[in-house]
Amino acid sequence: MGGVSHGQGHDAGPGTGGAPGASGAGPDLDRDLDRDLDHPDVILCPGGPMLLRGDHVVHDEDGTEHRTTRPVSAVCRCGSSAIKPWCDGTHKILQARERRRQD
Amino acid sequence: MLIPNARGALSETVFAAMRSGDTAHLGEAPPSDTAEDAQLTLWALYEQHYRGFEDVAGELEWDPQLIAVRRGLEREFEATLRSRMPEAPDPEGFEEAFFAFVADHDGPSLAAHVKRKATEEQVHELLRHRTIYHLKEADHTTWVIPRLSDRVKAAVMELQFDEYGNGDPNRLHAHLFVRGLQDSGLDATYGAYIDEAPLETLEENNAMSLFGLNRRLRAASLGFLAAFEATSSSPSRKMAQGLHRLGFPESMIEYYTEHVEADAVHEQLAVRTICGALLAEEPELHDDVYLGAFSAMDLADRYAERMLALWAA
């Protein structure tokens, strides 16, 4: 780590409505000097799926094998996906239902 | 594709100049008659940066007079989009706040109508309108890539590579749509249905190009992407169910089932590894991410409202 200066050299505040100078500085080029950028093989999304980078074969609960076909795949963790072992976003519907129940 | 039919005084004047190449007098072009006239003109000016028109010379892509007209129209459009936007959530805990912002957004659902009640004719109309975007699906996000840091650029590519079929043109999402259209008896020629695209379709497509083609709006472009992906999986499943109910061909259904699975990945990437990473580097772009996100959902709502009213659904 090192050599990264976040938020330096930007004088535009949030929501400047496209005024001249807003977002005009472009990416701070210094941040690309950070040599080791995070790129984990597995990401556990809070309240969501497990993201898997790369080629894998996933055994589901029934022992059936599913080969990944994308650069990143999302494995269901809520158990309610209709396309298991992959995520189909159903966890969001369950969470919304739970929120409504609590309200 | 040929330049579309004009829909008012401004598009009439600008399209005539594009066809003839005589743009010298565009400084005195009349104002637009209607929002539709303005949006169609802007759409055609943006289209010059995608595939262009057979009846417009390639040199005109960067014609200063045409660019001046485009700038005027997009300034007005950007102001409109900003004026529609509610207050953005607090910057704390961006990822969860973003998902909550999307979840709390309540809009009419075209997909639910397609799932249960739409007629084949209605779905054909919907698909014809959707050709305007789906035949260049994901391209607007590609404009943003060179404007990003290494970290965010790689994250966008991870998503875009999937949109573009992971290198297999037969899996490229726009091409899946081509196959579905052909099997459904619709014209898959790029731009074939532009003359029937309603105002709301033009606005949605123009917002994508506005955010994608202006570097200072890169955060809005990525926010648009994130909200678009985060509102796709479940509606795509409903679309697939409706298409199945109506007996549409397997290829058209597959276009939507592919999006159920792909967009459940893409929403996580777009929110976490793309927008989250962008804001960690450039926190001052927070509100622009929400400008894009809100615009994506609001423009989809406007189209849905129009079509559901038209179909009296």
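What you have here is a predicted model. The predictor gives the complex an ipTM of 0.91 and a pTM of 0.92. Chain B averages a pLDDT of 97, and 100% of its residues score at least 70.

**Strands in chain A**

Strand E2 of chain A has two pairings to look at, one with E1(A) and one with E5(A). Here they are side by side:

| Strand pair | Sense | Bridges | A bridge pair |
|---|---|---|---|
| E1(A) (residues 42-44) and E2(A) (residues 50-53) | antiparallel | 3 bridges | A:Leu44 and A:Met50 |
| E2(A) and E5(A) (residues 72-75) | antiparallel | 4 bridges | A:Leu51 and A:Ala74 |

E1(A) and E2(A) form a hairpin with 5 residues between the strands, and in that hairpin A:Gly47 takes a positive phi near 70 degrees.

**A cavity lined by chain B**

The structure holds 6 cavities of 30 Å³ or more. Which helix gives the most to its lining? That's H10(B), with 4 residues. Helices H2 (35-47), H7 (139-142) and H10 (199-213) of chain B each supply at least two lining residues.

The lining includes the aromatics B:Trp43, B:Tyr46, B:Tyr50 and B:Tyr133.

Conventions:
Residues are numbered from 1 along each chain as its sequence is written. Chains are lettered from A and ligands numbered from 1 in the order in which they are written. This is a predicted model: local features need pLDDT of at least 70, side-chain atom pairs count only at pLDDT 80 or more; totals for chains, interfaces and linings use all residues. Side-chain values use heavy atoms; hydrogens and water are left out. Two strands pair if DSSP finds at least two bridges between them. pLDDT is the predictor's confidence in each residue, from 0 to 100. On a 1 Å grid over the protein atoms alone, a cavity is a set of points where a 1.4 Å probe fits but cannot get out, and a pocket is an open set with protein on both sides within 12 Å along at least five of seven lines; lining residues have an atom within 4 Å of a point. Grid points are joined across faces, edges and corners, and a volume is the space filled by probe spheres set on the points.
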